Amino acid sequence: MNIFSKKPNPKGIEKEIGTLQLEEKKLVAEIKKTAKTGNEAATKTLARQLVRLRQQIAKLQSSRAQMRGIATHTQAMHAQSSVAVGMKGATKAMSAMNNQMAPEKQAKVIREFQKQSAQMDMTTEMMSDAIDDALDDDEAEDETEDLTNQVLDEIGVDVASQLSSAPKGRIAGKNTEGVGSSGVDELEKRLAALRNP
């Protein structure tokens with residue numbers, strides 16, 4: 001069963017990677033904009049989307065690399081085929097080769113090559129699955145938290161420092177001496193700002 005409507009090609013993958021990288025830039029800008037409004041839930045949601053988008057870009061880049069490897073392998077096989085075609089013209093060389101190497105041995109070599117190739121494909125697939133499993137939700141959650149903190153740091157929102165500078169305990173009333181009243185007023189404004197973001 002073919003799950004793709006058309007075969008992927010390197011140019012299509014390059015275009016898709018470019019499109020996703022543009023989306024990544026837009027999403028980063030949107031995360032910063034949302035973080036500035038103080039909506040932490042929306043910021044985390046967008047950060048999670050950014051992590052998934054980056055994972056998709058990485059998978060496409062891996063596919064692109066695999067396609068390039070396959071293309072190189074195909075070119076090498078084509079070159080070998082061209083050599084074989086060239087050798088067909090030299091009957092003396094072919095007869096000497098047949099005398100040295102029996103067709104049964106050639107068939108055995110071809111079977112061994114196919115077996116090794118199949119094993120390599122299975123190993124590559126297992127490694128790819130293992131990498132995908134390792135990069136799953138745990139890492140995505142950590143990366144989401146790191147990305148959220150990084151964005152908040154970039155725009156200057158440092159909640160911990162704002163909370164640590166807030167007064168603790170009761171704030172003195174307006175009846176205190178006039179010397180410190182402007183400082184108290186400023187602290188009350190900061191406290192109100194922290195309570196009503």
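These are my notebook entries on a predicted model of one protein.

**Ground rules.** I number residues from 1 along each chain as its sequence is written, and side-chain values use heavy atoms, with hydrogens and water left out. Because the model is predicted, local features need pLDDT of at least 70 and side-chain atom pairs count only at pLDDT 80 or more, while totals for chains, interfaces and linings use all residues.

**Confidence.** I looked up pLDDT, the predictor's confidence in each residue from 0 to 100, and found an average of 77, with 71% of the residues scoring at least 70. Over residues 174–179 the pLDDT is below 50, and this stretch has two contacts (heavy atoms within 4.5 Å) beyond near neighbours in sequence. Where pLDDT is low, the predicted coordinates should not be read in detail.

**Fold.** I counted seven helices and zero strands, taken as DSSP runs (helices H or I, at least four residues; strands E, at least two) numbered from the N terminus. Confidence is highest in helix H1 (residues 10–37), at a mean of 90, and lowest in helix H6 (residues 159–164), at 59. Of the contacts between residues at least 6 apart in sequence, 70% join residues at least 24 apart.

**Burial.** I noted that 13% of the 197 residues are buried, meaning under 20% relative accessible area with a 1.4 Å probe, protein chains only.

**Helix H1.** The buried residues of H1 are Ile13, Ile17, Leu20, Glu24, Leu27, Ile31, Thr34 and Ala35. After H1 comes glycine 38, whose phi is positive, near 90°.

Notes:
Buried < 20%, exposed > 50% of the residue type's maximum accessible area, 1.4 Å probe, protein only.
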